[in-house]
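The following questions and answers examine a single structure. Please consult the sequence and the coordinates alongside them.

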Amino acid sequence: DTAIRTGFTAQEVKEKGLAQGYTENFGAYTETEEDGTTHWGISYRDLIAPLVASIKELKERIEELEGN
């Protein structure tokens, strides 16, 4: 497969979620250990609400800066 793919890593989702005040229970990623190996996963469905909230905040900030 030579397709170029874009997206997030689960590690990025965890890091950014914690930085935004979400707890370790933030459901947008999974982190499990098995036989000494860490397995990561992402639930894109659980990213929708935080992303929409961020977009709304950015829109409000832009409007504020533009004087609207």
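Q: Is Lys-14 buried or exposed?
A: This is a predicted model, in which local features need pLDDT of at least 70, side-chain atom pairs count only at pLDDT 80 or more, and totals for chains, interfaces and linings use all residues. Residues are numbered from 1 along each chain as its sequence is written, and side-chain values use heavy atoms, with hydrogens and water left out. Buried means under 20% relative accessible area, exposed over 50% and partly exposed in between, with a 1.4 Å probe and protein chains only. Because its relative accessible area is 17%, Lys-14 is buried.

Q: Which residues is Lys-14 in contact with, leaving aside its neighbours within four places in sequence?
A: Lys-14 belongs to helix α1; helices (H or I, at least four residues) and strands (E, at least two) are DSSP runs, numbered from the N terminus. Contact requires heavy atoms within 4.5 Å. With neighbours within four places in sequence set aside, the partners of Lys-14 are Glu-24, Tyr-29, Glu-31 and Trp-40.

Q: In which sense do strands β1 and β2 pair?
A: Two strands pair if DSSP finds at least two bridges between them. Strand β1 covers residues 29-34 and strand β2 residues 37-42, with six bridges. The two form a hairpin with two residues between them, and the sense of their pairing is antiparallel.

Q: Which residue in β2 stands opposite Thr-30?
A: The turn of the hairpin formed by β1 and β2 holds Asp-35, with a positive phi of about 55°. Opposite Thr-30, β2 places Gly-41.

Q: Which residues make up the largest nonpolar core?
A: A nonpolar core is a set of buried Ala, Val, Leu, Ile, Met, Phe, Trp, Tyr and Cys residues joined through side-chain atoms within 4.5 Å. Leu-47 is a member, and its contacts beyond four places in sequence include Val-13, Phe-26 and Ala-28.
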